[in-house]
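Please look over the model below before reading on.

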Amino acid sequence: MAVSSSLFTSSLQGSMVAPKTLKCHREYMCSPSNVSCRQSGYTKSMYLTHSRLLPSGKLSKWEQTDGFSSKDRIQCCAAQVENAPSFSVVKKFQLDDVIEALQFDRDILGAIFEVASEMEKIEKNSPRSQILKGYLMATLFYEPSTRTRLSFESAMKRLGGEVLTTENAREFSSAAKGETLEDTIRTIEGYSDIIVMRHFESGAAKRAAVTAGIPIINAGDGPGQHPTQALLDVYTIERELGKLDGIKVGLVGDLANGRTVRSLAYLLAKYQDVKIYFVSPDVVKMKDDIKDYLTSKGVAWEESADLMEVASKCDVVYQTRIQKERFGERIDQYEQARGKYIVDQNVLDVMQKHAVVMHPLPRLDEITVDVDRDPRAAYFRQAKNGLYIRMALLKLLLVGW
């Protein structure tokens, strides 16, 4: 999917996709609606909202590289319509992939949050949902993960889908033999309908999206971005505070290497009268690209060395761990940074009653365990919200609104 594609560019843009039942020789050349495709004597019914059809009869990436002949296309396009079922129509999601926070505007964010709220109802009241029955999700993780990988897998299964998983692809996949990321993606897309990928290199998700003919979700690319974490963070803030405009947020800890705070800063810039405070050791300060972006969007920001003062002003204290794995051999700098800013009872004492403490997890010692008892500790509720956001994204990318 082209990373830059944030709108549905086919002739069906903005319209509702009417379901049809088609008989065809290549399932990915069928109508972008519910189809029954016959391939090698096997019939499969599915929603093809992630259409391979392009304007003016142009061929998609798959068709250009898969030996697709004009004969194949004629056979499929001239297929007979058989007993078209009557059920609700589907509108395609505006995004082909989820790669970075910059893809989202305020309207899309609000709509995703509405779907996430519906997903919460499904999780609680409809444990055997079949919305994604027949779909396969591949999780390709080159870096360790607990919450992100398991929440995606839980999201897929709770909607009736299935999962193919690689937990440590850096060591236990063909990457260890020298296979390129592009070749890995081309292979895995043949086994699945959507790929969720975490990689140790910034920009890897964009490379995967350019290569793939199915949706790619960035589950974190090195020190780059973590868009689904940012989505669940903003969703959590709205649920906890009841608003997103006019808030003050303190981002604390490893701001240089933390992909979560970078993506969160991009999303917070979508809202009005937001002020962001950066509190971090000198060796892991927020990078200039984020500061410049916030300035260009008219978002007020301030750097501070005083966590207590910032905590007393903020609606959200967003703590992060110092990421040892990003320091390499600079262990002395890691030890210098670790433990400088800790959220404990003293910080809670100066915080406002309505304010919340958030953390993308895992934590080490940057939030003391006694904070967990305070109702303002929102980080485990935050982690749970990740399930609903990821259920929403899988539903939207695979079957539409």
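Which residues does Ile389 touch, not counting residues up to four places away in sequence?

1. Ile389 touches Ile112, Phe113, Ala116, Thr228, Leu231, Leu232 and Tyr235, where contact means heavy atoms within 4.5 Å.

2. This is a predicted model: local features need pLDDT of at least 70, side-chain atom pairs count only at pLDDT 80 or more, and totals for chains, interfaces and linings use all residues. Numbering starts from 1 along each chain as its sequence is written, and side-chain values use heavy atoms, with hydrogens and water left out.

3. The largest nonpolar core has 70 residues, and Ile389 is among those with the most contacts inside it, as are Phe104 and Leu251. A nonpolar core is a set of buried Ala, Val, Leu, Ile, Met, Phe, Trp, Tyr and Cys residues joined through side-chain atoms within 4.5 Å; buried means under 20% relative accessible area (1.4 Å probe, protein chains only). Helix α13 (residues 379-399) gives the most to this core, with 11 residues. A second, separate core of 19 residues includes Val347, Leu348, Ile367 and Ala377.

4. Helices here are DSSP runs (H or I, at least four residues), numbered from the N terminus. Of the 21 residues of α13, 17 are buried. Gly400, with a positive phi near 90 degrees, follows α13.

Methods. Buried means under 20% relative accessible area, exposed over 50%, partly exposed in between (1.4 Å probe, protein chains only). Helices (H or I, at least four residues) and strands (E, at least two) are DSSP runs, numbered from the N terminus.
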